Amino acid sequence: MSRYDSLVEDCALSIGAEASTFAALGNTRILITGGTGFVGSWVAEMIAFLNDRHKLGVHLTLLSPHASEFSERAPHLAGRSDITLMEGDVRNISAVPTDTDWIIHAAGSPDSRIHLSNPIRTMETIVLGTQNVMQAAARIGALKRILVLSSGLVCGPQQWESAPLSEESYSGMDCNRLANLYAESKRAAEMIATGYRSQTGLPVVTARPFTFIGPYQLLDRPWAINNFLGEALRGGPIRLQGNGSTVRSYMYGSDMAYWMLRLLVDGRIGAAYNIGSPQGISLKELAGMVADFAESHPRIELNTLPGGELHRSRWLPDVTKAEKDCGLKVRIGLDAAIRRTIAWHTGK
Amino acid sequence: MPNILVSDPTLRDGNHAVAHQLTLESIETYAAAADAAHVPIVEVGHGNGLGASSMQVGQSLVPDREMLIAAREKLTQSKLGIHVIPGFATIEKDLRPAIDIGVDVVRVACHCSEADITQRHIAYVRERGKQVFGVLMMSHMLEPTRLAEEALKMETYGAEAIILMDSAGALLPPDVSSRVSALVETLHISVGFHAHNNLGMAIANSLAALESGATIIDGTARGFGAGAGNAQLEVLIAVMHRVGYETGIDLYKMLDAADLAERAIIPVIPTIKSTSIVSGLAGVFSGFAKHVDRVSSKFHVDPRDVFFELGRRGIVAGQEDLIIEVAQALSAGELRIEAEKVEA
Amino acid sequence: MTIAQEKIPVAIIGTGNIGTDLLLKIQRSPYLDCKLFVGRNLNSQGMSRAVALGVPISDRSVEAILETPDAFKIVFDATSARDHLRHWPLLKKLGLKVIDMTPSHIGKMCIPAVNMAECLNAQNVNMVTCGGQASAPIAYVIGKTQKDVEYIEVVSSIASRSAGPATRINLDEYIGTTESAVQEFSGAKSTKAILNLNPAMPCINMQTTVFAKVVNPDMDALKVGIEAMVERIKRYVPGYSLIVGPIIENGRVVIMVKTLGLGDYLPKYAGNLDIINCAAIAMAEAFAGRKISFEEGSDA
């Protein structure tokens with residue numbers, strides 16, 4: 001089985017018996033901005049699955065400034081007749097295909113290295129880009145929905161003692177701190193979408209992604225899970241500077257794609273929905289799981305540096321809203337998510 | 001009381017004090033003694049780090065490769081560390097071979113406002129599975145919030161700790177506290193501090209750093225280092241043990257190592273000379289000391305005036321060539337320095 | 001007396017700071033006429049400038065040039081290394097001259113004061129690096145006037161603000177390219193390049209120091225050669241000046257130069273970017289048939 005075949009299996013698992021919930025997408029056209037990133041790639045896998053297995057007849061256009069690279073990363077998708085690659089940058093587009101029925105606006109890198117080193121470009125892509133996309137979308141009379149990808153960060157940080165973040169748990173952010181630029185840009189993007197929704201009647205639904213794992217995620221992205229995977233794949237050891245008490249959750253790529261498409265179809269207009277797994281896990285446990293499932297079974301080193309244990313944080317989404325409004329569930333548990341991701345990277 | 005990780009750059013910062021002429025024998029001698037004292041990290045190399053041997057900052061007597069091989073052999077308990085400045089050291093020519101030799105810890109350093117240039121070097125070290133710290137040099141030149149922003153960049157690149165360097169020996173204890181605190185508050189990784197003694201503050205500054213939450217601290221034997229030297233390691237260890245910090249270092253063996261360093265590898269025990277005081281006040285990189293002395297003498301100008309002008313221009317480490325321009329301008333009467341008016 | 005000639009038509013790809021600065025320099029040139037200014041972003045300030053100057057624009061980037069291939073003799077590519085790699089095969093087929101402003105370094109290294117004549121036959125020339133433009137001519141003189149040049153070292157200091165994210169993440173490439181250029185133009189046995197970013201305000205000007213290790217240096221010949229070379233460079237980089245040397249200090253030959261930017265579109269402190277643009281214009285004018293003699297009192 002090629003590594004791409006396993007992605008088809010993933011999609012099947014995430015959809016379960018609920019393919020019929022996508023009936024509204026039948027024979028329509030979807031545009032994804034930032035379409036060749038993690039979100040775009042997984043939604044493309046999901047659409048390919050729905051078209052092949054369930055004859056959904058969706059046409060997908062992936063808009064990206066890196067469209068030409070997609071053929072290297074996902075040749076099985078780039079070559080499909082139901083997927084069009086469109087080279088373009090949201091910072092300067094003025095139009096999107098007028099026969100577009102649905103838009104998933106995912107443009108904008110979540111890579112914090114870029115946010116800190118190139119905040120100007122980050123803001124242009126997110127704020128100016130969202131403005132451009134909204135303006136273009138508002139001229140499509142028959143647009144059914146536009147799903148705007150914001151970020152779980154817009155609510156502000158979660159306190160250690162407090163419950164997982166619901167969509168309404170807003171706290172203020174210091175907009176003079178560079179570290180907050182990405183979150184603030186995403187908030188601005190949500191605000192822009194709200195303005196367009198109100199003034200032009202654009203059918204806007206907002207998604208707030210938390211943390212994800214899976215094929216198509218570049219291992220050099222600066223998140224703990226990527227460090228663990230990278231170190232395990234290189235034979236270890238997996239190094240934690242502290243005692244690993246920080247808590248995160250990880251949703252697998254195909255579950256994410258399933259949730260995105262369901263929110264696109266059934267999300268309430270004007271509502272924001274957290275997307276992510278509510279199941280928290282400490283970094284220490286996560287490292288343990290990665291070590292177990294990786295072939296090299298690397299050693300784990302905790303407290304590699306004194307003082308590391310002083311920093312712990314918790315970041316978990318409350319996804320009750322998505323569960324209630326759309327009946328969404330996490331189908332691929334963390335065990336399977338990690339195993340499948342490792343298999344992807346080792347090509348097995 | 002928390003454990004504190006001590007890093008000892010006697011054989012790196014000390015190289016500044018001898019115009020990078022440390023011999024192989026000196027390296028082997030001190031490395032063995034530091035190893036015996038259980039000093040956790042022993043840093044070795046040219047004063048400006050890997051790949052810095054150059055006409056700009058001075059050529060080392062022993063090439064990087066041989067220094068590292070010699071030290072590697074002597075360090076059985078201690079980790080072998082190096083200092084690396086992008087712009088001087090490249091990944092392919094310098095960093096790859098150093099890691100191949102067996103370096104354990106790489107400290108990737110930059111001027112405190114330029115963290116972006118360290119991204120690829122830090123990432124490379126992580127890929128090689130070695131421990132990597134980010135280092136912000138001349139940290140007196142940025143105020144705490146900005147320093148924290150630059151440190152955060154290094155954290156996203158994969159640095160496992162950030163070391164603030166007071167490369168000019170310009171900071172006083174409250175300045176150190178505010179900077180270390182800002183980093184401790186912003187980062188999820190450990191924070192360290194590297195003192196210079198130009199204003200006689202090295203030990204006090206180091207204590208202030210520890211009290212503000214730093215858990216990594218640098219010191220050198222007898223303070224052997226650039227300009228007025230660093231925090232005197234054996235004194236620092238003694239003070240830390242008195243206050244209650246655990247370093248894992250054997251006090252007697254550390255004292256022995258410092259005595260040995262004095263006898264065998266340090267030609268002149270560091271003291272705070274006039275030019276060091278001035279360079280500390282002017283906020284100029286301590287490693288400029290010998291260059292400023294030499295060039296000032298050639299152009300018949302007062303080295304203290306040269307330091308104040310370099311400070312006024314905000315010259316950073318690595319810009320030693322500008323000393324010649326300043327000395328020439330002073331000598332030609334194009335500049336006048338009024339020392340009282342210079343901001344300390 | 002100069003003979004009036006038809007300005008030759010050129011195009012610029014890339015409407016950011018570099019491209020816009022080139023556009024403004026070309027407005028002054030008696031040899032070049034910018035007929036098309038293209039990029040991807042119609043909203044960029046460069047595009048507005050072009051419109052104000054009456055220069056045709058397009059947001060279809062290289063495609064717009066390919067549509068009227070016979071309309072241009074020279075194309076400046078001021079996009080990115082990655083984009084130039086895509087553009088070059090397309091432009092090559094058209095047979096026009098390409099001046100590569102990006103760090104892709106596909107074409108022939110071009111330092112006008114040194115190898116302008118050799119570059120005339122090349123279809124793709126690249127502008128090396130800022131440190132390379134400032135130091136390679138000096139290194140060339142050292143190589144020409146001295147026997148036994150063992151080692152040349154080039155140190156440049158530039159304003160932090162003039163070094164964007166792309167420069168910062170490509171320092172190693174900058175060092176490698178500069179070292180190659182200095183080696184090629186001087187014949188030195190080995191070379192080293194160092195780059196310092198300085199955040200001081202007001203922004204500092206670009207400064208470059210060339211050190212050389214020469215057995216028995218002939219300082220008289222060197223002085224004459226350097227002064228002549230600096231005059232040559234000033235013909236196309238007016239802000240270039242010798243500030244120290246050549247002198248011998250601590251056993252090293254030392255020469256220090258400063259590069260002030262013209263301030264066309266790029267700020268004056270960005271002499272590092274301006275020197276590359278000035279060199280590009282000089283080369284383009286040479287392609288256009290301008291005969292630059294670097295002697296005193298000849299052609300402007």
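Which residue in E6(B) is the bridge partner of Gly134(B)?

Modeller: The bridge partner of Gly134(B) in E6(B) is Ile162(B). Keep in mind that this is a predicted model.

Start with the two strands. Strand E5 of chain B covers residues 131–137, and strand E6 of chain B covers residues 161–165. They run parallel, joined by 3 bridges. Helix H6 of chain B, residues 144–157, lies across both E5 and E6 of that chain. Its direction makes about 160° with that of E5(B).

Now widen the view. E5 and E6 of chain B belong to a closed barrel of 8 strands. The order is E1-E2-E3-E4-E5-E6-E7-E8, with parallel pairing. Neighbouring strands there are turned by 25° against each other on average, direction ignored.

Ile162(B) also has a place in the largest nonpolar core, which holds 232 residues. Ile162(B) is among the members that touch the most other members. Ala71(B) and Leu183(B) are on that list too, and so are Val10(C), Val75(C), Ala280(C) and Met283(C). The largest share of this core comes from helix H10 of chain C, residues 271–287, with 12 residues.

Chain C has an open sheet of 5 strands, in the order E9-E8-E10-E12-E11, with mixed pairing. Strand E9 (190–198) and strand E11 (240–249) of chain C are the edges, each pairing on one side only. From one strand to the next, the twist averages 15°. Inside the sheet, strand E8 (residues 149–159) and strand E10 (residues 206–214) of chain C run antiparallel, joined by 8 bridges. Val154(C) has Val210(C) as its bridge partner in E10(C). A helix of chain B packs on this sheet: H14, residues 321–331. H14 of chain B touches E8, E10, E11 and strand E12 (252–259) of chain C. Helix H6 of chain C, residues 130–145, lies across E8, E9, E10 and E12 of chain C. That helix runs at about 155° to E8(C).

Within chain A, helix H6 (residues 119–137) packs with helix H7 (residues 181–200) at an angle of about 10°. Their axes are 9 Å apart. H6(A) and H7(A) are therefore roughly parallel to each other. Ile126(A) and Met134(A) are among the contact residues of H6(A), and Ala189(A) and Tyr196(A) among those of H7(A). The contact has 12 nonpolar, 4 polar and 1 charged residues.

Finish at helix H8 of chain A, residues 224–233. Its buried residues include Ile225(A), Phe228(A), Leu229(A) and Glu231(A). The buried residues of H8(A) pack against strands E7 and E8 and helices H10 and H12 of chain A. After H8(A) comes Gly235(A), with a positive phi near 95°.

Definitions and conventions:
Residues are numbered from 1 along each chain as its sequence is written. Chains are lettered from A and ligands numbered from 1 in the order in which they are written. This is a predicted model: local features need pLDDT of at least 70, side-chain atom pairs count only at pLDDT 80 or more; totals for chains, interfaces and linings use all residues. Axes are lines fitted to C-alpha atoms, for helices over the stretch in contact, and angles run from 0 to 180 degrees between N-to-C directions. Helices (H or I, at least four residues) and strands (E, at least two) are DSSP runs, numbered from the N terminus. Angles under 35 degrees count as roughly parallel, over 145 as roughly antiparallel, 65 to 115 as roughly perpendicular and the rest as oblique. Two residues are in contact if their C-beta atoms, placed from the backbone, lie within 7 Å. Ala, Val, Leu, Ile, Met, Phe, Trp, Tyr, Cys and Pro count as nonpolar, Asp, Glu, Lys and Arg as charged, and the others, Gly among them, as polar. A residue is buried if 20 or more other C-beta atoms lie within 10 Å of its own, exposed if 12 or fewer, and partly exposed in between; C-beta atoms are placed from the backbone. A nonpolar core is a set of buried Ala, Val, Leu, Ile, Met, Phe, Trp, Tyr and Cys residues joined through C-beta atoms within 7 Å. Two strands pair if DSSP finds at least two bridges between them.
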